[in-house]
Amino acid sequence: MKVMIVRDYDEMSRRAAEIVKEQILKKPDTVLGLATGSTPLGMYKYLIEMHKNGEIDFSNVITFNLDEYIGLSPDHPQSYHYYMYENLFNHINIKKENIHIPNGVAEDLEEECKRYEREIRRIGRIDLQILGIGVNGHIGFNEPDESIETKTHIVTLTEETINANKRFFKSIEEVPRRAITMGLSSIMKARKIMLLASGSNKAKAIKETLKGRLTTKVPSTVLALHPDVTIIIDKGAASLLTDEELANVELTD
């Protein structure tokens with residue numbers, strides 16, 4: 001794994017956007033795996049700015065989002081459909097038919113999971129998968145457990161994740177308890193993976209990720225098995241790393 005330790009959130013966002021830009025310039029029909037939450041917001045702002053400046057053309061880009069809450073309609077302000085259109089899609093020239101997000105209000109949720117998985121397979125491998133990381137090490141909504149589903153599936157969110165996400169809702173009671181998430185197998189089949197983390201509240205999860213010990217109790221540890229992972233973290237997220245842990249990864253500027 002390549003690890004880039006940067007000064008702050010803004011630099012993390014800018015570096016991440018540059019990597020996405022390079023990928024699209026190299027392959028205009030790039031398939032991007034996209035994340036939501038607070039972490040990638042800065043990156044999306046930089047990508048919008050790059051598009052407006054004529055640096056990136058999204059017209060042939062295809063996207064797959066990692067997850068969606070169950071029970072929130074696409075027009076709900078806290079749905080990930082709404083998030084993606086508000087924070088990226090409405091501001092770039094991506095084609096609507098090239099956007100893929102799980103449907104959290106599908107009549108048959110199990111069939112929706114199978115449909116989404118088939119669509120990923122139909123398009124082919126994701127070229128660049130962007131990930132955030134939960135405070136408990138979840139990627140997508142693949143939560144810590146004794147075993148973890150590999151394909152797109154329904155997940156029950158942990159109390160830790162519900163508490164972390166309650167800041168986006170009026171009350172904790174409004175936070176959905178279930179979600180559809182891309183599985184670890186689909187994530188790991190991406191040609192490249194970029195994980196972003198900012199702030200000291202993510203430091204423990206990053207430390208566990210880089211220890212080199214694979215465990216379903218920290219889902220992000222599976223990334224050690226991937227041949228091309230870049231982790232961009234700010235000083236807060238890197239604050240618990242030891243020299244020994246940093247010695248096990250490739251540090252990059």
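**View 1. Crossing of helices α2 and α3 in the predicted model.** The axes of α2 (residues 41–52) and α3 (residues 80–87) come within 10 Å and cross at roughly 40°; axes are lines fitted to C-alpha atoms, for helices over the stretch in contact, and angles run from 0 to 180 degrees between N-to-C directions. Helix α2 is therefore oblique to α3 (under 35 degrees counts as roughly parallel, over 145 as roughly antiparallel, 65 to 115 as roughly perpendicular, the rest as oblique). L41, Y44 and I48 of α2 meet Y83, M84 and N87 of α3, contact being heavy atoms within 4.5 Å.

**View 2. The open sheet of eight strands.** Its order is β5-β3-β2-β6-β9-β10-β1-β11, with parallel pairing; helices (H or I, at least four residues) and strands (E, at least two) are DSSP runs, numbered from the N terminus, and two strands pair if DSSP finds at least two bridges between them. Because β5 (99–100) and β11 (250–251) each have a single partner strand, one side of each lacks a neighbour in the sheet.

**View 3. Strands β1 and β10 with helix α7.** Five bridges pair β1 (residues 2–6) with β10 (residues 229–234) in the parallel sense, and M4 stands opposite I232. Helix α7 (residues 203–210) lies across β1, β9 (192–197) and β10, running at about 150° to β10.

**Notes.** Residues are numbered from 1 along each chain as its sequence is written, and side-chain values use heavy atoms, without hydrogens and water. In this predicted model, local features need pLDDT of at least 70 and side-chain atom pairs count only at pLDDT 80 or more, whereas totals for chains, interfaces and linings use all residues.
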